[in-house]
Amino acid sequence: MRSVLFALAILVASVPVAHAAHPLITEDTGTQGKGHWQLEVFGEEGRERSSGARLEKYGAVLSHGIAETADLQFGLPWLQRPGSGLGDASLDLKWRFFEKDALSLGLKPGITLPTGDEGEGRGTGRVTWGALFILSYEPGPLALHAHVGYRRNRNELGEREALRQIATAATYRLRAVRLVGELARETHPVPGGRAARYTTLGAILSVARDFDLNAGWRTGQGGAAVDDVFLLGATWRW
């Protein structure tokens with residue numbers, strides 16, 4: 001049961017909390033523009049590696065452009081299996097501070113709030129904080145994105161409090177479809193646990209100018225508690 005709870009904790013909040021373009025973990029420097037909004041909803045279904053237990057996560061992320069180069073984001077996850085309930089909410093600020101030709105750089109600090117029940121593996125029991133440093137290079141149909149991040153994982157679970165993550169992704173646009181792939185590596189929250197590695201493949205379909213659907217498949221290697229995860233989501237901008 002303890003291994004299932006750790007898998008739930010990993011599924012609820014990858015380290016750091018990063019609301020990239022689903023189904024990716026990797027963040028990019030794109031922002032909504034001043035006064036614009038974006039709502040992203042998603043579902044993820046996975047399997048805990050050691051027990052085979054089925055894990056389900058749903059969530060929503062609301063973004064608002066507070067400046068042309070800065071977004072405020074609020075995220076709320078929901079766990080359905082093995083026990084249902086809210087996870088820890090997140091509040092982030094994404095700021096694109098540098099642009100030159102196809103290259104841009106960004107910074108994304110944020111916190112999580114203890115809205116989830118840590119006893120059931122849906123949260124940490126305390127406020128955590130962290131930040132991502134983001135790089136995007138978009139010269140044409142092929143684009144590259146990467147981030148490195150740190151999270152101060154204050155918790156009541158006996159987990160590590162210093163967590164790090166590195167992720168890189170490539171996207172390729174074919175008319176209304178973007179093919180996506182990425183590699184990510186992050187600290188295992190359990191002391192003594194091996195670093196977790198993830199590989200993601202998927203696609204984002206632009207159904208309309210302001211509405212996208214996406215799907216993907218993520219596999220875990222190394223110390224990843226979650227084995228395979230199916231990813232599905234939708235994004236609406238206005």
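Is Trp236 buried, partly exposed or exposed? At 45% relative accessibility, Trp236 counts as partly exposed. The legends below describe close-up views of a predicted model.

**View 1. Three tryptophans, Trp37, Trp236 and Trp238, are joined by ring pairs into a cluster.**
A search of the whole structure finds six aromatic pairs. One of them joins Trp37 and Trp238, and this pair is stacked. The ring centres are 6.3 Å apart, with 5° between the planes. The pair links distant parts of the chain. Trp37 sits in strand 1, while Trp238 belongs to the segment after strand 13 (226-237). The two residues are 201 residues apart. Trp37 has a relative accessible area of 31%, so it counts as partly exposed. Trp238 is partly exposed too, at 41%. A tilted pair joins Trp236 and Trp238. Here the centres lie 4.5 Å apart and the planes make an angle of 35°. Trp238 thus takes part in the stacked pair with Trp37 and in the tilted pair with Trp236.

**View 2. The peptide bond from His22 to Pro23 is cis.**
Omega is near 15° for this bond. Pro23 is a loop residue. The loop runs between helix 1 (2-12) and strand 1 (37-48).

**View 3. Asp101 has a positive phi without being glycine.**
Its phi is near 55°. Asp101 lies in the loop between strand 5 (89-100) and strand 6 (103-113). The relative accessible area of Asp101 is 79%. Exposed means over 50%, so Asp101 is exposed.

**View 4. Arg175 is another non-glycine residue with positive phi.**
Phi of Arg175 is near 55°. The residue lies in the loop between strand 9 (162-174) and strand 10 (177-186). Arg175 has a relative accessible area of 83% and is therefore exposed.

**View 5. Nine-residue lists aside, the second largest cavity is shown with its lining.** The volume of this second largest cavity is about 50 Å³. The structure holds three cavities of 30 Å³ or more. Ala21, Leu24, Thr26, Asp28 and His145 are among the lining residues. Thr171, Arg178, Val180 and Ile204 also line the second largest cavity. By class, the lining has four nonpolar residues, three polar and two charged.

Neighbours within four places in sequence are left aside in what follows. His145 is in contact with Thr26, Glu27 and Asp28, among others. Its contacts also include Leu135, Ser136 and Glu138. Ala167, Thr168, Ala169 and Thr171 are in contact with His145 as well. His145 is one of the residues lining the second largest cavity.

**View 6. Ala146 lies in strand 8 (residues 142-152).**
Ala146 has 25% relative accessibility and so counts as partly exposed. Neighbours within four places in sequence are again left aside. The contacts of Ala146 include Thr26 and Glu27. Phe133, Ile134 and Leu135 are also in contact with Ala146. From Ala146 to Leu132 the C-alpha to C-alpha distance is 9.8 Å. In sequence, these two residues are 14 residues apart.

**View 7. His188 occupies the loop between strand 10 and strand 11 (196-208).**
With a relative accessible area of 10%, His188 is buried. The side chain of His188 reaches a backbone nitrogen, that of Val190. The distance is 3.1 Å.

Terms used
Residues are numbered from 1 along each chain as its sequence is written. This is a predicted model: local features need pLDDT of at least 70, side-chain atom pairs count only at pLDDT 80 or more; totals for chains, interfaces and linings use all residues. Side-chain values use heavy atoms; hydrogens and water are left out. Helices (H or I, at least four residues) and strands (E, at least two) are DSSP runs, numbered from the N terminus. Buried means under 20% relative accessible area, exposed over 50%, partly exposed in between (1.4 Å probe, protein chains only). Rings of Phe, Tyr and Trp (its six-membered ring) pair if their centres lie within 6.5 Å; planes under 30 degrees apart count as stacked, over 60 as edge-to-face and the rest as tilted. On a 1 Å grid over the protein atoms alone, a cavity is a set of points where a 1.4 Å probe fits but cannot get out, and a pocket is an open set with protein on both sides within 12 Å along at least five of seven lines; lining residues have an atom within 4 Å of a point. Grid points are joined across faces, edges and corners, and a volume is the space filled by probe spheres set on the points. Ala, Val, Leu, Ile, Met, Phe, Trp, Tyr, Cys and Pro count as nonpolar, Asp, Glu, Lys and Arg as charged, and the others, Gly among them, as polar. Contact means heavy atoms within 4.5 Å. A polar contact is a pair of N or O atoms within 3.5 Å; within protein, one must be able to donate a hydrogen and the other to accept it, and residues adjacent in sequence count only if both atoms are side-chain atoms.
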